[in-house]
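Please open the structure in a viewer and keep the sequence at hand.

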Amino acid sequence: AQTEVIFDLINYHLVGLTVFDCANIIDASTCSAPVFRAWVARLFGTLRTSFISHLRLSGIKLNMEDVQTLTSYIKENPNLIHLDLSCCGITSQTLVPLTSLLMNNTQLTCLNLSSNPIRDCGRLAEVVEKNSTLTALSVRNCGRLDEETWQQHFQRSSSIIEFEADQEEDLVPIMALVDLNFQIHTQSLQNRRALDKDLLHRAIEYGHYAATRRMFGLGVFLSEDECIEALKVAGRRSDPLLIRILLLSSLDKYDSILTKLTASENTCPHLLSIIRQAHRDVADLSHRIYYIWKGLGIPAHVKHVSLSGNGFQSLPSHLILELSRLPNLETLDLSKNDLTSLPDDISRLSDLAFLDISENRQLSSLPESITVLKKLKIDWHKTPLQKLPVQK
């Protein structure tokens, strides 16, 4: 590739720092840390680096200040998709600002953290679940992973299609989830019409929640009998989360499914217990199921929606809009979140009769607009609220 020394761009000579014009790549892997810091300070003040898509810092020893500077750079750059931080001396502590950023980053697709003394990668595992853009991640030579923790987060992610770690032979369940992600991704790119239900059945068999949801999102659904068999698989595995996801996909068939499972001799009691607690008019999106199901929509006939325990600090505007389109919505459960306020447009839920906001321990006030909901009753115990707005 044709190269230029960076001083041709910003009049600042740095030995070993090059830009690959053809791919918008900056490779600073041969720079010393002091030179790197000087370059970053200068570059921030001139170009804001909006052209860079690939940044390689491999081998530069980064301290906490460096990583914080780097995260501010990533926020400023809308085009960065590939970041190589291998062999940078990053520890669990210096990784914190980067993982916090990655939770909400929507452009980075490839991250290489190999050969860093991170040791505790638990926080990074959360990124796998919450970042839907990242497709490739390497944590090789970063210490042994907690297989159970990482598997739980991979079950909720369908975006990672390349994953490198130590002892991959001991991470068979995780690598199976990644392989399934890859197959769904490549097959959907080749021909969405050729998507096979076999992939959906494998996602259910592996307990891969995000892949199951992704297949639903691509229009691959189960017939009633197939849903019953899938529910039995989830029941035998004692997987209540998968059971609830499958029920969400088949709420319109709920009564028939319950009847057939009750009549079946090989239906486990655990499965029947969960299904009998459900109802065709209830959309149970509690305990972070919302983040798995998001984008698939709530069936229009639903009367009761539970969003309890999703960690909301505020309600997304698109969620209020979706709820307002449910003509029969009567009850809304927002309990056990981290809400600090409710949006004014909650008044759009004109037929809402019951709102549960209990155990939101930071919720100290409600919008005045809520008083237009004349039929509304509110459960507000275990909140800092002193009183409710007075209806006019």
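In which strand is I378 found? Select this residue to begin: I378 lies in strand β13. Please bear in mind throughout that the model is predicted.

**First stop: I378 and its surroundings**

With I378 still selected, display the residues around it. Setting aside neighbours within four places in sequence, the contacts of I378 are L355, I357, L366, I370 and L388. S358 and I378 are 20 residues apart along the chain, and their C-alpha atoms are separated by 8.8 Å.

Select residues 354-356, which form strand β12. This strand pairs with β13 in the parallel sense, over 3 bridges.

Select residues 254-263 for helix α12 and residues 269-277 for helix α13. The two pack at an angle of about 155 degrees, and their axes are 11 Å apart. Because angles over 145 degrees count as roughly antiparallel, α12 is described as roughly antiparallel to α13. Their crossing is left-handed. To view the contact itself, show the side chains of Y254, L258, L261 and T262 in α12, which meet L271, L272, I275 and R276 in α13. The residues of this contact comprise 6 nonpolar, 1 polar and 1 charged.

The crossing of α10 past α12 is right-handed. On the α10 side, the contact is made by E224, D225, C227, I228, L231 and K232, and on the α12 side by S256, I257, K260 and L261. These residues divide into 5 nonpolar, 1 polar and 4 charged. L261 may be highlighted here: this residue of α12 takes part in the contact with α10 and also in the contact with α13.

Move to residues 197-206, helix α8, and residues 209-217, helix α9. Their axes are 8 Å apart, and the packing angle is about 155 degrees. That makes α8 roughly antiparallel to α9, and the crossing is left-handed. Show L199, L200, A203 and I204 of α8 together with A211, T212, M215 and F216 of α9, which make the contact. Here the division is 7 nonpolar, 1 polar and no charged.

**Last stop: a salt bridge**

How many salt bridges does a search of the whole structure find? The total is 14. One of them may be seen by selecting D84 and R56, whose closest N and O atoms are 3.3 Å apart. This pair links distant parts of the chain: D84 belongs to strand β5 (residues 82-84) and R56 to strand β4 (residues 54-56), 28 residues apart.

Definitions and conventions:
Residues are numbered from 1 along each chain as its sequence is written. This is a predicted model: local features need pLDDT of at least 70, side-chain atom pairs count only at pLDDT 80 or more; totals for chains, interfaces and linings use all residues. Side-chain values use heavy atoms; hydrogens and water are left out. Two strands pair if DSSP finds at least two bridges between them. Helices (H or I, at least four residues) and strands (E, at least two) are DSSP runs, numbered from the N terminus. Axes are lines fitted to C-alpha atoms, for helices over the stretch in contact, and angles run from 0 to 180 degrees between N-to-C directions. Angles under 35 degrees count as roughly parallel, over 145 as roughly antiparallel, 65 to 115 as roughly perpendicular and the rest as oblique. A crossing is left-handed if the near helix is turned anticlockwise from the far one by less than a right angle, and right-handed if clockwise. Contact means heavy atoms within 4.5 Å. Ala, Val, Leu, Ile, Met, Phe, Trp, Tyr, Cys and Pro count as nonpolar, Asp, Glu, Lys and Arg as charged, and the others, Gly among them, as polar. A salt bridge is a side-chain nitrogen of Lys or Arg within 4 Å of a carboxyl oxygen of Asp or Glu.
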